[in-house]
Structures are given as C-alpha cells and as structure tokens.
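Student: I would like to understand how the words used for a protein model are tied to its values. Could we go through them one by one?

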Amino acid sequence: MENQSRNQASKGNVPQPIRFDGAGATDNGPRDIMRDRENPDMLVPPITDSGLIPNLKFSFSDTHMQLNYGGWSREITIRELPIATTLAGVNMRLTPGGVRELHWHQQAEWSFMLLGRARITSVDQDGRNFIADVGPGDLWYFPPGIPHSIQGLDEGCEFLLVFDDGHFSDLNTLSISDWFAHTPKNVLSANFGVPESAFDRIPSEQVYIFQDSIPGSIESQKVQSPYGTIPLSFKHQLMAQASIKTSGGSVRIVDSSNFPISKTIAAALVEIEPGAMRELHWHPNNDEWQYYLSGQGRMTVFAGNGVARTFDYRAGDVGYVPFAFGHYIQNTGNESLWFLEMFKSDRFVDISLNQWMALTPHALVRDNLHVDSELLDALRKEKQPVVKNKE
Ligand code: MN
Ligand code: MN
C-alpha cells in the first residue's frame with residue numbers, strides 16, 4: 001500500500017511529503033494539492049532546513065479585495081504577515097479616470113508603477129506643488145503627512161504602494177471627503193468664506209476610490225503656485241536607470257543617494273535569470289520586505305543557531321527577512337525572476353558572504369571552514385549580487 005502510493009508520487013501526478021532519502025510518508029487525507037504544488041519546499045523541505053522560523057510569506061491572492069467604482073485595492077500589513085513590522089504593502093488598480101481621492105497619512109508612501117499610467121498630485125508645507133504623470137517602472141515617494149492623489153490615465157494602471165510602517169492600512173488614512181463629512185457645515189462655510197449651501201452635495205462619508213472622467217493633458221491641468229514647484233522631485237524613473245549587470249541577472253538600486261526625497265525607503269529591483277541566484281548575503285541596516293513581480297523562486301533564510309527555512313514565491317507574493325538574517329534566492333522557473341527588495345532606510349546596503357571571505361586572510365577562512373584553495377581562488381573581492389555557475 002505504502003509502496004504503491006510512493007510509486008504514484010514518483011509519477012509526479014500528486015506531490016507527496018516524501019524526501020529523496022525516503023523520510024516522510026504519503027498524504028492521503030484532506031489536502032489542498034494546488035497549494036502543495038505552489039509550495040514544494042514547504043511540502044518537502046531541503047534537508048538543511050531546521051528549527052523554528054516564523055512565516056515569511058503572504059500572497060496578495062490571500063487578502064481582502066476592496067472593490068470600488070474606479071478601482072480596487074488589497075493590502076499586506078502586520079495583520080496578514082505579523083513579522084512584517086517595518087513596511088506594509090498595498091496593491092492597487094485604478095480604471096481609466098479612476099481616482100484614489102485626495103488624502104494624506106502619517107507614513108511615507110513609496111510606489112512602483114506596474115502597468116499603465118497615472119497622474120499624481122501633491123502640495124508641500126510651503127505651498128509648492130507637484131503634478132506629474134508616471135508610467136511602468138516609475139516610482140513616486142510622498143513624505144509623511146504630505147497630501148496627494150493618484151488618477152488612472154487612458155489605459156488605467158496598477159501599482160504597488162509601500163509604507164514605512166507595518167501597521168499602516170490604506171483603508172485608514174486621512175481623506176478629504178471624510179473630513180468634510182465630519183465637519184459642521186457652518187464651520188466649512190466660515191473656513192472657505194462661502195454660503196453653507198456650497199456644501200449641499202458633498203459626500204456623506206469617505207470616498208476612497210471613485211470613478212471620474214479621464215483627465216486632460218498635464219499642460220491643461222497645470223496649476224501655478226506662487227511658491228513654485230517642490231525642490232526635490234517626488235518621482236523617479238527606476239527602469240530608465242542603468243542597471244548593474246552581473247553574471248546571472250541585473251540590479252537597480254534606488255535610495256536617497258539617487259532619489260533624494262526617499263529618506264525612509266530604499267529598494268533594489270532585482271532580476272535573476274533562469275538557473276541563477278541572488279547570492280548569499282544579509283543587510284546590516286534593517287528587515288527586508290519583498291514583492292515578487294514575475295517568475296518564480298525560492299528563498300532560504302538562515303537565523304543562526306542551526307535554524308534555516310525555505311519558502312517558495314511567485315508573482316504577487318510578499319516575502320520578508322528579519323534584520324541581519326542570512327538569505328539567498330534561487331530562480332526555480334524557466335523565465336527571469338523579478339522582485340523588489342525594500343528596506344525602511346535611507347540607504348540600500350548589503351553584506352556579501354563571498355566578498356567578506358575574499359577580503360579576510362585566506363588562511364583564516366581555510367582553517368575556519370576546512371576548504372581548500374579551489375574555493376579561496378574563486379572568491380570575489382567585488383560584489384556580484386546575482387550569480388550563475390558557468391557550465
Ligand atoms: Mn497615500
Ligand atoms: Mn536581501
């Protein structure tokens with residue numbers, strides 16, 4: 001019976017929790033085979049995995065969808081992924097003309113445009129304004145407390161928003177319609193110097209997202225501020241930036257050194273080619289929050305004291321790495337794996353295991369690890385964030 005089941009497993013029809021050395025047994029009870037197929041390294045963990053690492057994965061597909069006329073949003077916050085204290089993420093779609101209403105919040109907002117185009121607007125504390133159009137591969141950053149809006153252009157858009165606080169919820173921001181609805185009409189009348197009747201038709205509650213008509217050209221919407229425009233752009237064209245090419249992919253780094261307004265969020269857009277991996281490394285500044293854009297891969301996280309755990313990721317998933325934990329990411333598919341590494345920090349920084357060893361006395365490395373000159377000669381003094389074995 002058991003042998004029969006094992007033979008079935010080896011046919012590859014249904015994955016079974018049986019390791020290559022025979023450990024484990026078939027799972028014949030209630031199970032979600034689709035999920036098991038998506039998580040092969042949880043069903044059959046690598047033999048080097050050990051110990052207790054909390055969950056480091058959450059998929060946007062497992063979140064509540066907020067549906068509105070004009071678009072949708074869903075989010076991964078500390079509610080969904082409790083370990084993710086530093087950053088929270090929101091995936092949002094706006095239809096052509098759809099508007100994320102005028103609002104602000106206590107957290108900084110960093111965003112990556114996935115598809116389509118949008119018009120973003122903002123005004124800072126000195127009355128300097130900012131109106132810009134953003135397209136695929138562009139970023140924006142709104143500092144904490146600075147009011148803003150987003151509107152889908154001709155083809156609509158979809159984007160990822162990242163906030164520098166895991167407790168953030170996009171459904172709990174300060175919205176203009178909400179404040180109007182909760183301010184007495186006589187106060188609104190006194191504030192703006194118009195009769196109360198001017199507010200007869202204001203929304204009775206927070207709007208959040210609404211359907212509007214597609215706005216005209218950016219020139220036609222221009223508003224001249226007597227104080228000029230903001231001095232540090234809220235927009236950055238990440239995909240237009242030259243990438244660091246490596247033997248197994250590419251990396252684009254964006255932080256306050258090349259996007260000066262982005263003082264609390266740093267990011268790397270990483271491409272890992274088929275058969276390649278993001279090298280063994282860690283980050284000496286903060287936790288890492290990841291968003292997988294395309295392809296599929298797996299990440300193993302090392303926590304010290306014999307503890308390591310592997311997770312499988314694909315487009316639309318969020319991953320997380322606690323501060324300073326060692327990790328690497330392998331492309332497990334046959335197309336390039338693209339993902340964002342994000343940090344609550346003004347700088348992107350990482351420590352390469354390879355470079356550390358290369359710049360340490362080799363006799364010490366040799367005697368510590370019992371490795372021979374073949375490895376010592378292969379060590380690289382220059383960082384190679386994504387590597388591929390030449391074969
Ligand atoms: Mn916002
Ligand atoms: Mn990393």
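The talk below sets values from the model against the definitions of the terms.

Tutor: Before you ask, note that this is a predicted model, in which local features need pLDDT of at least 70 and side-chain atom pairs count only at pLDDT 80 or more, while totals for chains, interfaces and linings use all residues. Residues are numbered from 1 along each chain as its sequence is written, chains are lettered from A and ligands numbered from 1 in the order in which they are written, and side-chain values use heavy atoms, with hydrogens and water left out.

Student: What makes a residue a donor of the manganese ion (ligand 2)?

Tutor: A donor is an N, O or S atom within 2.8 Å of the metal (3.2 Å for Na, K and Ca), and since water is not among the atoms, sites may look incomplete. His-281 (NE2), His-283 (NE2), Glu-288 (OE) and His-327 (NE2) lie 2.1 to 2.2 Å from the manganese ion (ligand 2), so they count as its protein donors. Along the sequence these donor residues follow the spacing H-x1-H-x4-E-x38-H.

Student: Why is the contact between Arg-117 and Asp-133 called a salt bridge?

Tutor: The term asks for a side-chain nitrogen of Lys or Arg within 4 Å of a carboxyl oxygen of Asp or Glu. For Arg-117 and Asp-133 the N to O distance is 3.8 Å, and therefore the pair qualifies. Arg-117 belongs to strand β6 (residues 109–123) and Asp-133 to strand β7 (residues 129–134), so the pair ties together parts that are 16 residues apart in sequence; strands here are DSSP runs of E with at least two residues, numbered from the N terminus.

Student: What makes Asp-350 and Arg-278 a salt bridge, and which parts does the pair tie together?

Tutor: Their closest N and O atoms are 2.9 Å apart, so the pair meets the definition. Asp-350 sits in the loop between β22 (337–344) and β23 (351–352) and Arg-278 in strand β16 (residues 277–282), so parts 72 residues apart in sequence are tied together. Asp-350, at 10% relative accessible area, is buried, and Arg-278, at 2%, is buried as well. Both residues also belong to a network of salt bridges with Glu-341 and Lys-383.

Definitions and conventions: Helices (H or I, at least four residues) and strands (E, at least two) are DSSP runs, numbered from the N terminus. Buried means under 20% relative accessible area, exposed over 50%, partly exposed in between (1.4 Å probe, protein chains only).
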